[in-house]
There are 2 protein chains.
Amino acid sequence: MGATIRDVARRAGVGLGTVSRVLNNSPLVSPATRQRVLDVIAELHYTPSQIARSFALGRTLTISTIAPFFTRPSVVERLRGVEAALAGSGYNLVVFNVETVERRVACFRDVPRRDRSDGVLIISLAPRPVEAAAMGDSGVPVVLVDTFAAGLPSVLVDDVAGGELATRYLIELGHRAVAFIGDPLEDPLTFNFTSSRDRFAGYRRALAAYGVALRPEYECHGVHGRYEARSMARALLQQPEPPSAIFAASDTQAMGVLEAARDLGRDVPGSLSVIGFDDIDVAEYIGLSTVRQPLFESGARGVELLLAMLSGSAPRTPLEYLSVDLVARATTAPYRPG
Amino acid sequence: MGATIRDVARRAGVGLGTVSRVLNNSPLVSPATRQRVLDVIAELHYTPSQIARSFALGRTLTISTIAPFFTRPSVVERLRGVEAALAGSGYNLVVFNVETVERRVACFRDVPRRDRSDGVLIISLAPRPVEAAAMGDSGVPVVLVDTFAAGLPSVLVDDVAGGELATRYLIELGHRAVAFIGDPLEDPLTFNFTSSRDRFAGYRRALAAYGVALRPEYECHGVHGRYEARSMARALLQQPEPPSAIFAASDTQAMGVLEAARDLGRDVPGSLSVIGFDDIDVAEYIGLSTVRQPLFESGARGVELLLAMLSGSAPRTPLEYLSVDLVARATTAPYRPG
DNA sequence: CTGTTAGCGCTTTCAA
DNA sequence: TTGAAAGCGCTAACAG
């Protein structure tokens, strides 16, 4: 434990800088010298101190990810992509989980700083304009995934189009009483900027396109989660004129809807169609119809952008859109009156 | 960007050490001086460099976690506990995902070093004796979760007892043709040390206790995963004398079994009982009977041990066992001949 | 109480 | 091609 570069230099009878050169594969070392140094390194079990190296380099060799990981399975799936794309890059991955407003503020303020991160990836959490501006000034490359902020590059999908896609599908199945369940329109944690909101806009747009009147009592917004969605759906289904189809802004919420239907003995898809969004892992398992977005790929792509920025190239396109697809499975069916 | 402690000292007209003292809440500063320094700090938007601080301190201020995160939902749930317990401790959480032998070797070798981590948490991956010994020598506190290695403290459950519990339950429901599906007995990634193996031992023990003969054709071991379990289960159910109950060593694998039953039109639990292990999130949703273990808590407890070790106290008990419970849901039922 | 100073281990000039 | 030396920004020991 604890041989330093100096020990190696001394033992190899060379200068300190030479050892450093060997370590960094500099071509400016003679083969003989290099070999001697290498031998001593092996002999001493020497490995350079990451931390001293970082200090001297002025780089931390870490990429930080800020996200609400555990409240959203979709984020974990994105993280998978992040991890895969980062493997072998030499960067460590440090994660900051955000589930409260305080933590969000603290992370946005402290993490994107040169002495903490070489690059930052923010997932499913939108910085406010001032925060985004501060990030821009920090000099640390920041990439957003599944969100947007002026001046910061991001990888996203067209959630409005996705919401519209889901809703059109239901309408084309003959449904007219189509309800929506999604996140709160005002959410301090996400600064009111959620993909749910856009999907909701798509929902309304589809309805309008088909001349179906909006019904406020069909529009539900509540804290993200399966249980919350379940109770919203229950209320929805107990209305005098319950919907025949429900579009949930996420698969997690769609699962809550399915539970509510089960609670109330409504057959899915017989008397109720349900569609979600994301296509998380379990969606296939439970046969949930949904709008698929490339979660893994979004994380991987975010890292690619970040790595490119770290090696000097500015992102070509500030906004990069990935595509969404409708995945029809077993929770949607043509409308049947009664 | 980039005010240093020296700038602050100069501007406040004090010595460099005084600023450091203020930063570290040393009591050896007069209130007046402290205030002056604080003012300058605010004025300059100064924040100390984490990295320089780490370097001077000789501590990295990070906790590393090594685990196969994405192949096992249970590990993500444990990570949740880790994250929660670490929040507010001042430590950053860096994650090392391991899915190959090479990566495992590299992580075990490189991560537990003073210049990289102040403490290391290893989840669901057992270090080999030599690796464990090296970790012990590194001087970096290491805590294991869901695994074991001589000389290293760990947080686990009694998997043998858990496996026995599950199997006994099936037997007591009247099943005699009880099969097992689990991970490979020889797995280089986990160095043959898996909780699955212990659960399998519990399975055999329960059978023996009831005088039920072991049937090699009922013992399946294959790569961990839903798809693999699905095909193993399919083969199992197509045998001349198919089992009437299956114990899967994890919920993920139990889900594969459920799919296989669906594929072959076997009614669960009518003509096939299925029980899993872990009680991951979706288990409740899909009504899977299982053996519950405290996943979240295991991660949190691991961090607690680690933090205690970091503040000097040796772990009282090298092995800390958490308890398991049987959770009977909708995939198990009494044996019905035919 | 407070200023000064000596490193922490490495990278990177700058000479030789 | 190589050695020597100057920091990177901070903490902690030491005088005062």
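In what sense do E2(A) and strand E2 (residues 92–97) of chain B pair, and over how many bridges? E2(A) and E2(B) pair in the antiparallel sense over three bridges; two strands pair if DSSP finds at least two bridges between them. In this pairing A:Leu93 stands opposite B:Val95.

The model is predicted: local features need pLDDT of at least 70, side-chain atom pairs count only at pLDDT 80 or more, and totals for chains, interfaces and linings use all residues. Residues are numbered from 1 along each chain as its sequence is written, while chains are lettered from A and ligands numbered from 1 in the order in which they are written. Helices (H or I, at least four residues) and strands (E, at least two) are DSSP runs, numbered from the N terminus.

**The sheet**

An open sheet of twelve strands, with mixed pairing, has the order E11(A)-E5(A)-E4(A)-E3(A)-E1(A)-E2(A)-E2(B)-E1(B)-E3(B)-E4(B)-E5(B)-E11(B). Strand E11 (319–322) of chain A and strand E11 (319–322) of chain B each have a single partner strand, so one side of each is left without a neighbour in the sheet. Within chain A, strand E1 (residues 62–67) and strand E2 (residues 92–97) run parallel and are joined by six bridges, with A:Thr65 opposite A:Val95.

**Contact between the chains**

The contact takes 23 residues from chain A and 24 residues from chain B, where contact requires C-beta atoms, placed from the backbone, within 7 Å. On the side of chain A that touches chain B, H4, helix H5 (73–86), E2 and helix H12 (281–286) each supply at least two residues.

**Surface near DNA strand C**

DNA strand C is surrounded by 27 residues, the closest being A:Ile5, A:Gly17, A:Ala52, B:Gly15 and B:Gly17; a residue is near a strand if its C-beta atom, placed from the backbone, lies within 6 Å of it. Helices H2 (16–23) and H4 (50–57) of chain A, together with helices H2 (16–23) and H4 (50–57) of chain B, each supply at least two residues of this surface.

**Composition by class**

Ala, Val, Leu, Ile, Met, Phe, Trp, Tyr, Cys and Pro count as nonpolar, Asp, Glu, Lys and Arg as charged, and the others, Gly among them, as polar.

| Region | Residues by class |
|---|---|
| Surface near DNA strand C | 14 nonpolar, eleven polar, two charged residues |
| Side of chain A that touches chain B | twelve nonpolar, seven polar, four charged residues |

Notes. Contact = placed C-beta atoms within 7 Å.
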